[in-house]
Every structure is written in C-alpha cells, then in structure tokens.
Amino acid sequence: MSETKTIQDKPYPSAMAGWTLVILLTLAYIFSFVDRYILGLLIEPMKAEFDLSDRAIGWLLSAFTWVYGFVGIFMGWLIDRGRRTWIVAIGMALWSAATVATGTAKNFFQLFAARMGVGVGEATLSPATFSMIGDSFPPEKRGMPIAFYSSALPIGAGLASLLSGAVIAWTAASGNQSLPLFGELEPWRFTLIVVGLPGLFFAALFLFIKDPARRPASTSEQVIAGNGLRDAFKHIFDNFALYFGFVMVVCCMTAIAYSQGFLAPVFERTWGWSPQTYAYVNGAALLIIGPLNMMLMGTISDKWTSKGVPDAALRLMYIGFFVMVPTAALPMFMPDAWTAFAVLCINTVGIGIVSAIGVTALLVITPAQIRGQIVALYYLAISWFGSLGPIVVGELSSQVFGEDELRLAVAAVPFVFAIIPLAMMPMTRRRYLELAKRIEGTTR
C-alpha cells in the first residue's frame, strides 16, 4: 500500500470534534450575516441624513461584495497553506471593526469604505470553513454540516431584523443614544455600533481552536489538478462550460437575495409598513423557515448521495431555482403587505435551498488540494455577480420606474438574472455527471 493511500485511509476527526468546530464557525457566520444584513434595514434614515438617491443606496449595498469576492481569491490561496482558525479570527475582528466604523461615517464615501472593510473581513470565513469541513467529514456526510453552517444565513438575517427592529423602536421612543468613546449617536448609528462590538470579543476565541489536520490529495486527484492558484484556474477552464452554468444558478440566487436589501423601503413605500414592523415580521419568518429548510436540504442531499445519486446536490439546486425565481417577483404585485410577505416566505425556501446546497454540489466536482481556492473563486463569482442585483434595482428605480415604484425595480431582478442559467441547465447537468464520475471516490 502506498504512503498516499495510507494517509487517505486515515480516519477523519471524531464527530464531536468536527461538529464542535462547525458550531463555532456557524456562530461566527451568524455574526457576519448580522453585520452584512442590517444595513438594508437602515436605508431610510441614512438616505435622509446624507440626502442619497436609490441609485446611491444600490451602490452602497454592493460595496461589500466588490471586495468580498476579490479578497477571497488571496484568502483561498492562504487558507490552503496557513492556519485556518487564526485566519478566521483576524477576519472576524476586521469585519466587526468595519461595522462599527460604518456607524461613525461622516459622508457617503466613508460609508462605502467601511462597507468594503466588512467585505474584506468576511472574505476569510466561508472558504476557511468549507476547507475545514472537507478535512473533518467524508463526502457522504458533508451535506449536513454544510447545511448547518449555511443555516446561519437566515438566522443572522432574522436576528438582524429583530435586533434592528427593537433598537429602532426603542430609539424612536427615547431619541438619540450615548455610548462611551462614541458620544451621542443617531439611532441608525447606535444600531451599527452595538451590532459590531460583540464580534471583536468572539473573534479572539478562534485563536485557541485547533485547526483540523489537512487530508492530502490522493494520487488520482493529483492527476486531475495540482495545488496552486494556476492549477485551480486550469481546472476551471478545462471544465469552463460546466462551472459557468453551475455558478450562474447561484449567481441568480445572490442577485435576488442582495436586491432584497431594498425590501424594507418597498414595504414602507408601497404598503405603509414601518421599518420596525417589517423587521419584526421578517425576522420571525427567517428564524422559523430558514434553518429548518436548510437542515432538511442537507439531510436529503446526504441521503440521496449515500444511495448513489451522483448529482443529488445539483438536483436540489435546480429545485430551489424554480422555487425562488417566480416567488421573488410575484410579491411586488400583491394587493396588501401580508399577502406579499406570505409569497416571500416561499421565496425564502427557494433561496435557502440554493444557498445551502451550492457548496455541497461544488465540492463534488472539486479536487481536494485546490478546494480552498476553488471555493474562494466561487464566492468571487457569486458575490460580484450578485452585487449587480441592488445596482440594477437602484438604477431602475431612479432612472426608469421612479422611486415611488421601487417595487417594480425589485420585481424585474429575478427575470433579468434567470435567463442564462435556465438555458444552460441540461448541458450543465450532463457535464456535472461526467466530471463527478472522474473524481468519484478520490476524496474518501
């Protein structure tokens, strides 16, 4: 038996060790998504203070994503070589500090720069997480931990909604607030600072967490790809049509999800809901629907995979796609807020399926030794493309429909971004199965 074969047959870490790490990383992801999501709930007071248009807000909501994906390329290279838990600690401290800085900004450019800082910090987390999950669980058991981690997305969004709703209601009743070192603060500034500070303390925990041992690529994987960034790009370009069609499904999801940063003002302008009403209702719905949906999808993915279905995760992604596209547009034409929100709950299910399963499906066609870099490139693509969602909404609202009809701009996004992945689906699935067969068994 070769040395490589012996290393590959070495048992994975215990379930307790693997799940402890996943739980801590999921908590970090909750912190990150609270910091990421909360800005969309504070649009109206920021617009009023800085006299911004919907176009400017669209660019501001995209500032995070411009650097999130780009920095992730370097992070992917570093994660495949460095101590991943320390990388997470540094990144978390940075995004938390940048959230605090957002609350102290004096003009639009400082707001934009601070949100870019949030993107730099958060670019460390998911590539490191999925790399560590790959080294902690065998392929047929990765769906559940990845779905559990991904469930932090709706949990973080839900907590951000509930927290901001409570703070908005409290400060609306009691006026400006004061904090040591920061002085007197407007409600939206106070909200951002209170949300950002706890992450600075939680980040230090990762300095003391053990990084799981890396599992070297098997001989057959090394034939498919080396371990450098050039090898990662070569693997993608050798399978470009597959990766393009695959990623465009997720890009459609991120464009829809990011464009929904405008939903709070849509509900206020269209149906008269206050920001805190929307925040409370949305937060409760996300906390109820999101985690259960994602965990269910992870369970189904693992069961189908264990039964020998090679494209189990891809099938679930396609199901999510056909749920999320129509239900992203239909709510904007409903007669009242509650009916609109009910349809949006179905949309949350579709978005959650694609979000929870995307990386699970990606790992099936990704050799182990370039996993961190491929995941980083994946996040670059879906983040940059997804950033077009709020930009398109802002441009359509300010330049085409008028800002009183913001809902129409939001409704246009799913149809604009669904055309390409829909047309490519048959080819994508065929090539996905071909590459999965080539890599099958090499990461076990």
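Let me begin with Gly199, whose place is in helix H10, where a helix is a DSSP run of type H or I with at least four residues, a strand is a run of type E with at least two, and the numbering starts from the N terminus. This is a predicted model, in which local features need a pLDDT of at least 70 and side-chain atom pairs count only at pLDDT 80 or more, while totals for chains, interfaces and linings use all residues. Residues are numbered from 1 along each chain as its sequence is written, and side-chain values use heavy atoms, with hydrogens and water left out.

As for confidence, pLDDT is the predictor's own confidence in each residue, on a scale from 0 to 100. The protein chain has a mean pLDDT of 82, and 90% of its residues reach 70 or more. Over residues 1–7, however, the pLDDT is below 50, and this stretch has 7 contacts in the model beyond near neighbours in sequence, a contact being heavy atoms within 4.5 Å.

Is Gly199 buried or exposed? Gly199 is buried, with a relative accessible area of 1%; buried stands for under 20% relative accessible area, exposed for over 50%, and partly exposed for what lies in between, using a 1.4 Å probe and protein chains only. If we leave aside neighbours within four places in sequence, Gly199 is in contact with Phe31, Met92 and Ser96. The C-alpha atoms of Gly199 and Ala97 are separated by 8.2 Å, although these two residues are 102 residues apart along the chain.

Arg189 also lies in helix H10, which covers residues 187–203, and Arg189 is buried, with a relative accessible area of 6%. Again leaving aside neighbours within four places, its contacts are Glu49, Phe50, Gly103, Thr104 and Ala105. Ala381, by contrast, is 192 residues away from Arg189 along the chain, and the C-alpha atoms of this pair are separated by 31 Å.

Next comes a loop residue, Asp51, placed between helix H3 (43–50) and helix H4 (54–79). Asp51 is exposed, with a relative accessible area of 69%. Most residues other than glycine have a negative phi, whereas Asp51, which is not a glycine, has a positive phi of about 55°.

Now to the packing of helices. Two packed helices are described by the angle between their axes and the distance between the axes; here the axes are lines fitted to C-alpha atoms, for helices over the stretch in contact, and the angles run from 0 to 180 degrees between N-to-C directions.

Helix H2 (residues 15–37) and helix H7 (residues 125–136) pack at about 165°, with their axes 11 Å apart. H2 and H7 are therefore roughly antiparallel, since angles over 145 degrees count as roughly antiparallel, those under 35 as roughly parallel, those from 65 to 115 as roughly perpendicular, and the rest as oblique. Among the residues that meet are Leu21, Leu25 and Tyr29 in H2, and Thr129, Met132 and Ile133 in H7.

Helix H19 (residues 388–401) has buried residues that include Gly389, Pro390 and Val393. Which residues of H13 do these three meet? They meet Ala255, Tyr258 and Ser259 in H13. Helix H13 (residues 240–259) and H19 pack at about 50°, with their axes 7 Å apart, and are therefore oblique to each other.

H19 and helix H20 (residues 406–439) pack at about 135°, with their axes 8 Å apart, and that makes H19 oblique to H20. Here Leu388, Val392 and Phe401 are among the H19 residues that meet H20, where Leu406, Val410 and Phe417 are among the partners.

Helix H8 (residues 143–150) is largely enclosed by the rest of the structure, because 7 of its 8 residues are buried; Met144, Ile146 and Tyr149 are among them.

Finally, the nonpolar core, which is a set of buried Ala, Val, Leu, Ile, Met, Phe, Trp, Tyr and Cys residues joined through side-chain atoms within 4.5 Å. The largest one has 127 residues, and those with the most contacts inside it are Phe206, Phe246, Phe267, Met324 and Tyr378. Helix H17 (residues 337–364) supplies the largest share of this core, 14 residues. Not counting residues up to four places away in sequence, Tyr378 touches Phe246, Val247, Val250, Gly358, Val359 and Leu362.
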